[in-house]
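Open the model in your viewer and keep the selection tool at hand. The stops below say what to select next and what is there.

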Amino acid sequence: TAAMIRHTGMLSVVKGLPVLLALLLPAPATRAGELPLFDAHLHYSAEDAAQYSAADILSILDRNGVTRAVVTSTPPQQALSLYRQAPARIVPFLGVYRQPDDKQDWHRDTNLPARVEEQLAAGPWAGIGELHLFASERHSPVFRRLAELAEQHDLPLLLHGDPAVIDSLYEHTPGVTVIWAHGGTYPWPPLIRDYLQRYPKLHADLSVRDGRIAPDGVLDPAWTPLLLEFGDRLLIGVDTYSTRRWQQFDHVAGGIRHWLAQLPDEVAERIAHRNATSLFATTGPR
């Protein structure tokens, strides 16, 4: 294991002997099948609701041990309808897209900040997003205003974007909490580590990165130091970005549990549910 870590160049990023020993020794056998999961990245949009009722969704969460979940939607009313069925379980994020095409050009909609401000006042929202934004649009005044609203209301932003977007965001709005969807658009462990070090209010969800984290089901040694060192800033998620993903939910959740089981128990528990629970202990539906 040590030779593999040296080969990847990752040994230098691990700080302290306890972490190094954790890498060199076999991970404790986590009872991953019994860990509660806090899914930090779900969508329940109009096309999903056409096939799955709120009761169906809650049943899927039940059988996968998902005790709480961040849910966003297009249009935003869908997430709110699910929240009203299970307010202690669903953490509703205000999706800013009224229709799927808005994903491409929302950052040019100068009327959007006023709509978001009205919706936040009406509540009960626990965050904003998912926002899709890439480097060329990072100076959008619309984006900046949404970041200001998130900071003002002490709400996390779920942000799908390039590293440059994160830099621009924290230059303009240093106090905002961000959940970086999928660990960013370039999910390289050294890059994620660098950004988590730079920005203390940055968190990363690892949704749709399971194949990178554990190719063929085996934890990749390039990811292990990141998971151990920043295990208090990482979150899990299935990311139901399409209705088909809801159909695959059991399989994806099982894969997440499989790689969590290869981590020390304490780290696995943090990533599985404790980090998100802590994050939403102070933020929550308004």
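Buried means under 20% relative accessible area, exposed over 50%, and partly exposed in between, with a 1.4 Å probe and protein chains only. Helices (H or I, at least four residues) and strands (E, at least two) are DSSP runs, numbered from the N terminus. This is a predicted model, in which local features need pLDDT of at least 70 and side-chain atom pairs count only at pLDDT 80 or more, while totals for chains, interfaces and linings use all residues. Residues are numbered from 1 along each chain as its sequence is written, and side-chain values use heavy atoms, with hydrogens and water left out.

**Whole chain**

Start with everything shown as a cartoon. The chain has 15 helices and eight strands. Of its 286 residues, 56% count as buried. Contact means heavy atoms within 4.5 Å. Among contacts in the chain with a separation of 6 or more, 73% are between residues 24 or more positions apart.

**The sheet**

Select the strands. Two strands pair if DSSP finds at least two bridges between them. Eight strands form an open sheet with parallel pairing, in the order β1-β2-β3-β4-β5-β6-β7-β8. At the edges are β1 (37-43) and β8 (234-235), each of which pairs on one side only.

Next, select β4 and β5, residues 127-133 and 157-161. Five of the five residues of β5 are buried. Leu-157, Leu-159 and Gly-161 point one way from β5, while Leu-158 and His-160 point the other way.

Move on to β7, residues 202-205. β7 pairs with β6 over three parallel bridges, and Ile-179 has His-203 of β7 as its bridge partner. Two bridges join β7 to β8, again running parallel; here Asp-205 has Leu-235 of β8 as its partner. Which residues cover the two faces of β7? Leu-202 and Ala-204 lie on one side and His-203 and Asp-205 on the other, and all are buried.

**Helix α9**

Select residues 163-172. Seven of the ten residues of α9 are buried, so this helix is largely enclosed by the rest of the structure. The buried residues are Pro-163, Val-165, Ile-166, Asp-167, Ser-168, Leu-169 and Tyr-170. They pack against β4, α8 (141-152), β5, β6 (178-180), α10 (189-198) and β7.

**Nonpolar cores**

A nonpolar core is a set of buried Ala, Val, Leu, Ile, Met, Phe, Trp, Tyr and Cys residues joined through side-chain atoms within 4.5 Å. Select Leu-227, Trp-259 and Leu-263: of the 77 residues in the largest nonpolar core, these touch the most other members. Another core, of 13 residues, lies apart from it and includes Ala-40, Val-70, Ala-181 and Leu-235.

Select Phe-249, in helix α14 (residues 249-260). Phe-249 is buried, with a relative accessible area of 0%. Not counting residues up to four places away in sequence, Phe-249 touches Asp-39, Leu-42, Ile-60, Leu-61, Asn-64, Val-66, Val-238 and Thr-240. Phe-249 and Asn-64 are 185 residues apart along the chain, yet their C-alpha atoms are separated by 8.3 Å.

Then select Leu-35, in the loop between α2 (17-24) and β1. Leu-35 counts as buried at 7% relative accessibility.

His-273 is in helix α15 (residues 265-282), and is buried with a relative accessible area of 17%. Leaving aside neighbours within four places in sequence, His-273 is in contact with Leu-35, Pro-36, Leu-37 and Phe-38.

**The largest pocket**

On a 1 Å grid over the protein atoms alone, a pocket is an open set of points where a 1.4 Å probe fits, with protein on both sides within 12 Å along at least five of seven lines; lining residues have an atom within 4 Å of a point. Select His-43, Thr-74, Lys-103, His-132 and Tyr-241, which lie nearest the centre of the largest pocket among its 23 lining residues. β4 gives the most to this lining, with three residues. The lining divides into five nonpolar, 13 polar and five charged residues, where Ala, Val, Leu, Ile, Met, Phe, Trp, Tyr, Cys and Pro count as nonpolar, Asp, Glu, Lys and Arg as charged, and the others, Gly among them, as polar.
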